[in-house]
Amino acid sequence: MMDCIMLAVLAGCIGSIILLIGWCQKQVDKSE
Amino acid sequence: MLQIALTILIYLILVIPAGVYVYHIAAGKHTFADPVFNRVDGAIYKVCGVNPKNGMNWKKYAVSLVITNGIMILLGYIILRIQSIGLFNPNGIGAMEESLSFNTIISFMTNTNLQHYSGESGLSNLSQMLVITFMMFVSAASGYAACIAFIRGLAGRTKDNVGNFFVDLVRITTRVLLPFSIIGGLLLVWQGVPQNFSGNVVVDTIEGTKQVIAMGPVAALEIIKHLGTNGGGFLGANSATPIENPTIISNLIELYSMMLLPGACVITFGKMVRDRKRDLAAAVVADGAAAAIPQIEGRESLTARIFGREGRSIFAAMGILFLIGLGVCFWAESQGNPALAEVGLAQSMGSMEGKEVRFGIAQSAMFTTTTTSFTTGTVNNMHDTLTPLGGMIPLLHMMLNVVFGGKGVGLMNMITYAILAVFICGLMIGRTPEYLGKKIEGREMKLAALCIIIHPLLILTFSALAVATPDGLAGITNPGYHGLSQVLYEFASSAANNGSGFEGLADNTLFWNITTGLVMFFGRYLPIVLQLAIAGSLMKKRFVSESAGTLHTDTMSFAVILVFVVYIFAALTFFPVLALGPVAEHLTLWA
């Protein structure tokens, strides 16, 4: 059970960085 | 003092050829070792299905980095959880606990190497090799790759190609980390560092007691630990133990190993920016004038030739910050500890509590300042027993996170500060700021400001959480001013991906494992993504010609401005907590 929680937190962390990349892409596109 | 000066002088001599070599690797230029490494790299590309000619834009590069690192994190977590199997486990070590596995795997993938366990009792040899040593290579190569992509973006030789992440990852591993590690590892074996697959050895001491001496592939881990600015030791006491760091020569090998590549990255930056300026000049001037360009560069000073003009000002700013910190740390430790003097211990050698006699004050202060400036995190003395001001320097340098910094990311952080510096100077003289021939506008400043604010936000928010909750307070073993310093140090070390600690903190608990794990993760990947986005934004912009009002960023005066900007920002964000921690402790101790 604890393993599932830890892996879910890890996956959430990685997912949040992917979302940040998407947000940054929008910022970069706006600057063109 | 003389040995510190000599140590730095030798470093300056060593970093130049290393910088030239790394520049050739980063720029894809021919090197003497190409006939061998081209075949090795080609085989790896073929097996992995990588086309080295395919470039990536900043977004694809960042996604490749994060996904690759993410997959390794998940696989590494599983290995730590099943390490109790008999494979390469001569000491019969059991599976690592869940929250500790979470902390450890993030720690090593983010180049932090914060260890809430003791290597000799917490990891099997399989984990030491397959997780720890492997990740020391990959995390270092990932940081370097991000830095090179960032430089390519700033140098802006194309509109939308910062390189190929997988190619950069392979090239830095096969051409820099592996060959340097083999040479350095053999030198450490020569100095007496063990390299075997034996179980621990139990010996009878001359006092008639039993002592367990740890064995294993120590030298292989030890060299990449420093070369990749990783810092996690094979043993709990790290490079303070004579097994990991037996002699003054091994100490110097480890010291130079961790200083070499971050310095080389700055030289790479300077040379790559100079290449771009040459291209631009050759493109815009008439044929006759173009022929004069090499003659103009022939009059460059020696330092400008070695570092590149832009690299020189960045290296100078980092050097000034480093030398100020080193001076304060050495002076503070040389003064001794009045509390120890009161109980009758002579302080003529300085404050030797927690230090190795074979290294003394000078090499301990040098190692302490270096390991936290270059964000390695290896220690040859116990930082928790440094004097208050001596301990404030490593803490401050991790808070700054720009004093050379880890392999690649320190340079990226310093360039982010350079963008902030030109923005502030632009405000003062009423001009649109420019850096490396590109206008710095609202979007870049928004990303740069976010990038700079993340670091103190992580440190201060989580420190506040720790001192406001029972679970956080439970870890503090030294209540009072030093207790706050312990908490600050733990989170500063995590956010800066350093990994050293004030080890008096009882940190192997669910609270500390999870919180420091999150700080390490976001302290690593948030800035890298934002910095790659800044590079992606700048490389789309047109170059602007220099005019009389352009702020020159390749001068010593800009280096001094940069130092002041870094210190002012640090003072505004961290001075209150430093006053409550190490400064208050110092005033109490010497009252």
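In the predicted model, B:T371 is found in helix 15 of chain B, which spans residues 360–373, helices being DSSP runs of H or I with at least four residues and strands runs of E with at least two, numbered from the N terminus. Residues are numbered from 1 along each chain as its sequence is written, and chains are lettered from A and ligands numbered from 1 in the order in which they are written. Because the model is predicted, local features need pLDDT of at least 70 and side-chain atom pairs count only at pLDDT 80 or more, whereas totals for chains, interfaces and linings use all residues.

B:T371 is buried, with 31 other C-beta atoms within 10 Å; a residue is termed buried at 20 or more such atoms, exposed at 12 or fewer and partly exposed in between, with C-beta atoms placed from the backbone. Beyond its neighbours within four places in sequence, B:T371 is in contact (C-beta atoms, placed from the backbone, within 7 Å) with B:G231, B:M258, B:T376, B:G377, B:T378, B:V379 and B:S500. B:C425, 54 residues from B:T371 in sequence, lies 32 Å away, C-alpha to C-alpha.

Chain A has one helix and zero strands, and its C-alpha atoms fill a box of roughly 45 × 5 × 5 Å along the principal axes. Of the 32 residues in chain A, 16% are buried.

The contact between the chains takes 18 residues from chain A and 26 from chain B. On the side of chain B that touches chain A, at least two residues each come from helix 3 (58–81), helix 4 (98–109), helix 18 (442–468) and helix 21 (510–539), and helix 3 gives the most, with nine residues.

Definitions and conventions:
Contact = placed C-beta atoms within 7 Å.
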